[in-house]
Each structure stands twice: as C-alpha cells, then as structure tokens.
Amino acid sequence: MECEKTKEQFAEDLKVLEDGQAVFQKEFVELKKAKADKAKIDEVLNRLKDGKEKIAVLQKEFKTLYPEDTLGGKTKAKPKEKKEPVAKKEKFEVEVETYTLPEELLPGVGVESTNPILPVDDKRNILITSSLPYVNNVPHLGNIIGCVLSADVFARYCRLRGHNVIYICGTDEYGTATETKALQEGMTPIEVCNKYYKVHKEIYEWFGCQFDKFGRTTTEQQTTIAQQIFLDIQKNDYLLTKTLEQLYCPTCAKFLADRFVEGTCPKEGCGYVDARGDQCDQCGSLLNPIELVNPRCKTCGTTPEPRFSEHLFLDLPRLEGRLNEWVDNSISQGTWSQNSISTTKDKWLKEGLQPRCITRDLKWGTPVPLDKYKEKVFYVWFDAPIGYISITANYTDEWEKWWKNPNKVELHQFMGKDNVPFHCVIFPASLMASGGDWTLLHSISTTEYLNYENTQFSKSRGTGVFGDAAKNTGIPAEVWRYYLLANRPETSDSDFNWEDFGAKNNNELLANLGNFVNRCLKFTKDRFASTVPALGQLTEDDQTLIKEVDEQLEIYVKELDLAKMKASLQAAMHVSRLGNNYLQKQEPWVLIKTDPQRCATVLHVGLNLVKLLTALLEPFMPHFSEKVLRQMQLDHSQIPDRWTFEVPAGHVISDAVPIFRQIKEQELKEFARRFAGKQEQEGKAEVVKPKAASSSA
Ligand SMILES: [Zn+2]
Ligand SMILES: [Zn+2]
C-alpha cells in the first residue's frame, strides 16, 4: 500500500513550481521588453503554461486527499490577478442567478419608424418583406425564425451598412381560417383579427423585430389596391371565366373551402391519404380539392358532393413567356435561395403554367368589384401578397415610390419554402398582368422547417414553444434570437432542442461572447478607473489579431449580403473567440503589474473589439448590443468593411454588468417538461395544420 503524500510534501512541491513560474515570468517580461524574437517568447510562454498545468494537477491531487484544506494560500508567488475568469465555462466566475439588466431598459429595440422613409437617389433602396403570418394563431418559434426574424436580421444589417431600408410585415387576416376561428371563439371575424393582430405584434416586438410598419390586410387600402389591380388585369384581358365543380358539404350546408376538404392525393406515385384540398404535404403538389380521391369534409367527415359555381381565373399560360424571362433575369441579378430556384424553374415553369382561380365563395375577404360576382371574394393567395403593398400604403401615401420604382428599389422577400410559388410565380404574374411598372422580387430567402424536439410544433397538443411562452421563461430575447438564428433551417430542416439551447447559451453566449465583453469592461472599470486607456505601439500579436478579425469581417459581410445568416453569425462569434484568445495570451492581469503601458494597449484593443462586436451582432441580437453600448456609454455604429478603432482613449464607460447567465441543467429539464405537450386534446377540429415556418394560409 502506498504511503499518502503529506500536506508538507505538497507545499514543498508547490513552492518549487511557483518559484519556477516566477523565474519564467521575469524572463518573459524581459524578453518582451527587449522585443526578443517570437520563438524565444513562445518558448517561455510554453514553459509558463506547462507550469500552470502542473500546479493545477497538484492542486487537484491535494484536494482529493485533503478536501477540507487549501494548498498554497498566502505563500502563493503568483500574482492575484491570475484568478481572472478564463474562457472556460467551469472557471467562469461571473455567474448570476438572475439577469441583472431588466428588459425595460431597452425601449429603443423593436419600435417602428415614425417618419416614413422613401427611396433616395444616392443609396441602395431596399424594400424588405416577411411573408405575412396568418392571424388566427399564436406564432411558434418555427414561424418566427421562418420569416419575421430572418427578415429582421437582414433589415438591421442593411441599415447598419448604410442602405436605405424599409421592412414591411403584418398579419394576413382574410380567409376561411379566420371565419372558423370566429365561430369557435364566439366572435366576429374582425374581432378575432383585432385580438390576434395584437398578440402577433407584441410577440414580434418582444423578440426585437424592428418593422417600419407592421400592418394588417383588413384595411381600406387593401380593398382599394387589390380591386384596382384586379380591374387592371381585367382591362388587360388576363382573366378567364370558368364554371367550377366545387365540393359542397350537405351537412354543413356550404361550399367547402380548400382547407376544409381532405382526401387522398391524386398524383401518381404519391397517394398520401391526408392530402389537403389545396396542397399535398407529402409530394408538395398544389391541388384542386375536386381532384382528391375519396374526399371528406374536414369539419364533419361527410363525403361532399360536387356542385357548380362560376369563377374567375388568372390567365397564367399567356404570361408564361414574360414570366420565364423575368425569372431568369431576377435570378441572375438578385439572390435566390436554391429551393426557390428549383421550385420555380424545375417544377412550376417546367411543368407549364395553368390558369389559376382567384375567386372564392366566401364572405370574409376582399370583395370582387363586379356585380356578377358580388357574392364572391378574392382567393387569399391573390389577395394576401397585395398586403405588402397596402401595408406600405398605410405607412406612407407615397407608397408607389417603393412599389412602382423597379429601377431604384430592390425587393427582398423572406418566407418559408412552401410560399415560394406564390411569390415567384403568382404574385409577379398578377402584377405583370395588371400592366403597371411594378417593383418585382429581386432576392428571395427561404427557410425549411424547424421541428421541436424531433416532432412538430402543435398548438392543440401544446407541444413546443409558442411566442408568448418564450417571454415567460425569463430567458431574454437575445438568447432566443441567437439560438434560432444559429439553428436557422437555412438549407435543411433543423430541430429545437433544450439541451442544445443550454449548450449554446452556456458555451457560446456566456463563455465566449459574454466572457470576453465582461472581462474587458470589468478590467477597465477596476484597473483603469472606467477610462479607456491609451493605445501604445502595436505588437505583432496585435497586428495578427487585426488581420484575423478583418478576415472574419469579410466573411461576415459576404455571407450576410446573401442572407446567409448562420455563416455570418459564426463569423461574428469567431471574432469574439479571437478576442478571448488574445486576452488569454496577453494576460493583462499580469501586465498590469509588469508592464502597465502594454496592458493599456491590450485593453484599448480589447475594448475596440467589443465595440466592433456590438455592430456585428446587432442584426442578430439587438438587445445585447444595446446593453453593451449602454454600459460603454457609446452610440451604435455602422458595420465597417475593415476594423477601425472607434473608441478613443479617455472615454469613460459606465458599468460592467454581465449580460448572459448560465442556464442550469435543472432549468432545461423543467422547460423540456413544460413544453412537451399533452398527448391528446378533446376533438376540436384544427383549422390550419401547424407546420413550422409556414405562414400565410
Ligand atoms: Zn361538413
Ligand atoms: Zn401527393
């Protein structure tokens, strides 16, 4: 049996190691002062690191044998500052139970612009839209990342690059789903819209989405503009009339809207039994309900009977040539996501366009302005995209400067992938048919689906996090935004997962970003009386840092110009990592004793990197940037092409409060349990199949 090492033996070993460290430390400082070559300095640095590790091992051994005692204590030779938190989560000192900065401090984030912005001559004029979320539901995280949040990141980025931008969104309020919801809740359709419009607006505001206008489609402007576009289409002879065989449910005594019919998909090789009247979720084909094999009324299950009704069709075949030409042009000039190109070109245009019905036998919609059709309204997919225009018209009377100005305005649209045909084919075709000189889509960014813990979000089952619930977790908006954007279903579906959520918060936001920012600010506060110290001569290390940061900055700009959010966010986080490594290597907590001037330079560089990070991360986490800038008493700045030092020596910062906190495993488990949902719910008919990222019905 081996004899246990005594406390005295441990102390002796420690002393030897610490003495060695002191010698290396001295050597290091001398080499630095003498500007010795890098290899020599690195060698000493390695010996220091080595020593540090050996001490750590010794400490650990000691603790195992003598858990009540502390090794070293007062005889410690190394400077106290070595205890500064380092970028490892287990050593992270600043751990707070609650967030120290209340959200109320941030009234500036997520507020609509007050004076309407109009296109100007000497700038890029960028008109950004997010597909309009359907009003009858509370949006879930998949809906939020699918369009509204992605478009917000892009809009913020464009503003920070100095472009002239408006971001338009709002709720899509017409259609059968609203009528049904009204019946369920014992309200009129407009009461339902009023209620849920408010819910949507509050959720997006909480997430910090900064619209220039968040409007709605049930406005007078919508009626005026949609009817005018329709009348122009009629005048230009792009309408066809057809008598349709429609499904009528004798039990419900009404024509069944597309979504109220289900049945087997008629497409060869598909045969999905739960296809919806308007679309098959399995093969993606758009359907006509009459085509369904074995149709059934979704409300009562009765087999509906075909009846006849006369409808108006948009003559898409006559527009095909122009549309083809425009699509190729737009793809070459703008940025189209891969799945929008393949859906538009390889599916829709390749298969050839068919006339498309734009009227419906409903009450809740924009009325068709013709006597013969006065009982009918526009089909929601003719009507809803016109919402972008009418919402802009509710923002400014001079809306045509945005929407009828194709040479000076770029239209960038964000949506879930299921909305592609409507934005790349039907909406542009409708505008073309109306004959005006419209601003048509320039770039399109689409998302796939976000799942929740390997299943679908479901309001009726209570599975997944819906907008208002995110707020009630007490986790601030920037953490949610970061997680959703880092996991944006950009090229394939992605999954919301609590474990991953915790890991991203704890390892990336807290240990990387939060740690770097807080170390710089706190050190400045404690050691330099909250004053940004002077910049001395830049060393090779500093130059390397600048070069590496500029490389990341280039990637960041290149990717975000293309609306590639994951890659640009990674580049921004890499900048923070470079900052951490820099501090780690320079060890300002040592330099403050040994070389205060150099220490000042390191902090000057560090604080300027923090400033750069507030700009790079503002599109992703505006609340984060706002909080840091407030602590630094600085204004927002634009995203530069190259890193320049904007924070001058002598500038005084106000505070150094940690922005992120650790989310504990226990909390994550509790959240996972809370949002797991119940197995079954009473047999309420669900109107819209809750599928992530799909918005407008
Ligand atoms: Zn029925
Ligand atoms: Zn199918």
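A residue is called buried if 20 or more other C-beta atoms lie within 10 Å of its own, exposed if 12 or fewer do, and partly exposed in between, with C-beta atoms placed from the backbone. Helices (H or I, at least four residues) and strands (E, at least two) are DSSP runs, numbered from the N terminus. The model shown is predicted: local features need pLDDT of at least 70, side-chain atom pairs count only at pLDDT 80 or more, and totals for chains, interfaces and linings use all residues. Residues are numbered from 1 along each chain as its sequence is written, while chains are lettered from A and ligands numbered from 1 in the order in which they are written.

**View 1. Strand β1 is mostly covered.** Of the 6 residues of β1, 6 are buried. Both faces of the strand are covered. N125, L127 and T129 lie on one side, and I126, I128 and S130 on the other. Two strands are said to pair if DSSP finds at least two bridges between them. Strand β1 (residues 125-130) pairs with strand β2 (residues 164-171) in the parallel sense over 5 bridges. In this pairing I126 stands opposite V165, and I128 stands opposite Y167. Strand β13 (residues 409-416) also pairs with β1 in the parallel sense, over 6 bridges.

**View 2. An open sheet is formed by 5 strands.** Their order is β3-β2-β1-β13-β14, and the pairing is parallel. At the edges are β3 (213-216) and β14, each of which pairs on one side only. From one strand to the next the twist averages 20°. Axes here are lines fitted to C-alpha atoms, for helices over the stretch in contact, and angles run from 0 to 180 degrees between N-to-C directions. Helix α5 (residues 189-206) packs on the sheet and touches β2 and β3; the direction of α5 makes about 160° with that of β3. Contact means that the C-beta atoms of two residues, placed from the backbone, lie within 7 Å.

**View 3. Helices α7 and α12 cross at roughly 105°.** The axes of α7 (residues 316-333) and α12 (residues 420-434) come within 10 Å. This angle makes α7 roughly perpendicular to α12, since angles of 65 to 115 degrees count as roughly perpendicular, under 35 as roughly parallel, over 145 as roughly antiparallel and the rest as oblique. From α7, the residues L316, L319, R322, L323, W326 and V327 meet C424, V425, P428, A429, M432 and A433 of α12. By class, this contact has 11 nonpolar, no polar and 1 charged residues. Ala, Val, Leu, Ile, Met, Phe, Trp, Tyr, Cys and Pro count as nonpolar, Asp, Glu, Lys and Arg as charged, and the others, Gly among them, as polar.

**View 4. Domain 2 touches domain 4.** The protein chain is divided into domain 1 (7-78), domain 2 (123-233 + 321-472), domain 3 (239-314) and domain 4 (477-632). These bounds come from an automatic or database domain assignment. The C-alpha centres of domain 2 and domain 4 lie 35 Å apart. Their contact takes 24 residues from domain 2 and 24 residues from domain 4. On the side of domain 2, the elements that give two or more residues are α3 (141-160), β14 (441-447) and β15 (450-452). Helix α3 gives the most, with 10 residues. This side of domain 2 divides into 14 nonpolar, 7 polar and 3 charged residues.

**View 5. Helix α14 is mostly covered.** In α14 (residues 477-486), 9 of its 10 residues are buried. They are A477, E478, V479, W480, R481, Y482, Y483, L484 and L485. The elements that cover them include α3, α5, α13 (467-472), α15, α17 (565-586) and α20 (622-632).

View 6. Leaving out residues up to four places away in sequence, E508 touches L513 and M573. E508 and E398 are 110 residues apart along the chain, and their C-alpha atoms are separated by 45 Å. From C-alpha to C-alpha, E665 and R461 are 25 Å apart in space, and they are 204 residues apart in sequence.
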